[in-house]
Amino acid sequence: MKTKRKKLWYAISILCFSACFFIMQKTHPVFAATKLRTLFAAENLTASAGRESSHPFTVGYKGDVFYEIGMASPAAFDMRITDSSKKETASEKISADPANWQKGKDGLFYYTNRSALSVKTGKYRIRLTFAEDTAYSLAVVQESFVPSLNVSEAKLTIGFTTRLKVSNAGAYAVKWTSGNKKIATVNSKGVVTGKKKGSCKITATINGEKFSCTVKVYPNTYNDKKLENSRFQTGKVSIYVYHVAFDAKDNMKVKIRVINNDSSDIARLANVKFYVKAQNKRIIAKYNLGTKKFTVKKGAYRDFAITIPKSQIYKTKNPIDLRNLSGVEIQGSYYVKG
């Protein structure tokens with residue numbers, strides 16, 4: 001008889017386990033849009049009446065924890081969750097009342113806790129005491145909030161930093177690595193520093209899983225397109241800056257284009273002032289060109305350059321990121337021939 005009984009339990013537990021999670025996903029609306037992370041799953045489990053059975057599981061990430069028991073018929077049981085110090089963190093008593101159980105299409109009965117278990121990250125045991133000898137299957141699962149980086153791509157200027165962040169890392173440590181330290185480095189806190197023009201992968205490893213961000217590093221220069229007369233309004237003169245960079249002595253080199261769509265040739269520029277503005281639109285440098293003899297034929301354009309001395313560049317708390325300038329404001333007037 002004992003041999004036959006063990007075989008019966010085995011057959012029942014296999015059936016229970018084959019449907020495990022199915023009922024859970026159907027009975028809990030939150031699971032319809034959330035993947036489940038398995039913390040513990042076992043078939044072919046048996047318990048003697050009144051004798052506690054315990055099963056270990058580890059919670060490594062934040063998220064609600066649920067458990068499901070499957071068996072041939074409803075049975076009363078007590079459930080307790082204890083942490084690594086054997087302190088009880090959750091408990092409930094379930095009766096054999098069919099109202100507490102859901103019957104599957106396979107004819108087996110399933111119980112799933114309706115409220116999330118109150119557990120933090122750590123090691124636990126689920127402890128079950130049944131009112132009668134029982135064959136069952138057990139699954140402990142968690143809403144799966146997969147770790148992720150805050151961005152999948154980042155643009156960075158040489159010499160500047162940006163911080164990558166991981167969400168849902170849970171209790172696991174994050175290990176940061178750079179695919180090419182000559183282009184960008186990363187420290188233990190996810191702070192990335194641009195070193196050289198190029199592109200590389202910054203990877204966060206969490207509990208063996210890898211998550212990467214592509215970091216593109218650019219020179220510390222401001223660049224705009226070199227536009228021609230057809231892109232500007234007819235009958236007017238336009239002046240705009242298309243390149244800003246620092247030289248070896250930290251002077252600011254500015255390249256300018258004058259577009260003459262007036263009906264006359266330009267003879268000179270007068271009282272022209274340049275205001276270089278940072279990303280927050282704060283002025284970080286200014287330059288007074290004054291009056292300059294500068295001829296541009298009608299319907300044509302002409303480039304010129306100025307150098308703003310280091311002494312005329314305002315001191316700022318942080319280095320100046322030219323690539324992210326909001327622009328250069330230009331004020332002044334011009335004279336035409338004739």
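Contact here means heavy atoms within 4.5 Å. With that in hand, here is a set of close-ups of a predicted model.

**View 1**
Let's start at Gly299, which sits in the loop between strand E23 (283-296) and E24. Is Gly299 buried or exposed? With a relative accessibility of 53%, Gly299 counts as exposed. Set aside its neighbours within four places in sequence, and Gly299 is in contact with Asn229, Asn260 and Asp262.

The secondary structure comes to 3 helices and 25 strands. Out of the 338 residues, 41% count as buried. The protein exposes about 19100 Å², and carbon and sulfur atoms supply 48% of that area. How much of the contact list comes from residues 24 or more positions apart? Looking at contacts with a separation of 6 or more, such residues account for 69%.

**View 1. An open sheet of 4 strands.**
Follow the strands across this sheet and you get the order E2-E8-E4-E5, with antiparallel pairing. Which strands stand at the edges? They are E2 (53-59) and E5 (88-94); each has a single partner strand, so one side of each is left without a neighbour in the sheet. Going from one strand to the next, the twist averages 15°.

**View 2. Where E2 meets E8.**
Now zoom in on one pairing from that sheet. E2 runs alongside strand E8 (residues 122-130) in the antiparallel sense, and the two pair over 7 bridges. To find your place, look for Pro56, which stands opposite Arg125 in E8.

Side chains of opposite charge can pair when their charged atoms come close. Here the side chains of Glu52 and Arg127 meet in a salt bridge, at 3.4 Å from N to O. The pair links distant parts of the chain: Glu52 belongs to the loop between strand E1 (36-47) and E2, while Arg127 belongs to strand E8, 75 residues apart. How do the two partners differ in exposure? Glu52 has a relative accessible area of 36%, so it is partly exposed, whereas Arg127, at 14%, is buried. Across the protein, the count comes to 8 salt bridges.

**View 3. Glu153 and Lys216, a link between two strands.**
In this view Glu153 forms a salt bridge with Lys216, and their closest N and O atoms are 3.9 Å apart. Glu153 lies in strand E11 (residues 153-157) and Lys216 in strand E18 (residues 209-218), so the pair, 63 residues apart, links distant parts of the chain. Both ends are partly exposed: Glu153 has a relative accessible area of 42%, and Lys216 comes in at 29% relative accessibility.

**View 4. E20 and its partner strands.**
How many residues of E20 are buried? The number is 8 of the 10, so E20 is largely enclosed by the rest of the structure. Strand E19 (residues 222-223) pairs with E20 in the antiparallel sense over 2 bridges, and there Tyr222 stands opposite Val244 in E20. E20 also pairs with E21, again in the antiparallel sense, over 9 bridges. On that side, Ser238 has Ile259 in E21 as its bridge partner.

**View 5. The E20-E21 hairpin and Asp250.**
E20 and E21 form a hairpin with 5 residues between them. Spot Asp250 in the turn, where it has a positive phi of about 70°. Asp250 is partly exposed, with a relative accessible area of 40%. Asp250 also forms a salt bridge with Lys310, the closest N and O atoms lying 4.0 Å apart. Lys310 is in the loop between strand E24 (300-308) and strand E25 (327-336), and the pair, 60 residues apart, links distant parts of the chain.

Key:
Residues are numbered from 1 along each chain as its sequence is written. This is a predicted model: local features need pLDDT of at least 70, side-chain atom pairs count only at pLDDT 80 or more; totals for chains, interfaces and linings use all residues. Side-chain values use heavy atoms; hydrogens and water are left out. Two strands pair if DSSP finds at least two bridges between them. Axes are lines fitted to C-alpha atoms, for helices over the stretch in contact, and angles run from 0 to 180 degrees between N-to-C directions. Buried means under 20% relative accessible area, exposed over 50%, partly exposed in between (1.4 Å probe, protein chains only). Accessible areas come from the Shrake-Rupley method with a 1.4 Å probe; for residues, only the protein chains shown count as cover.
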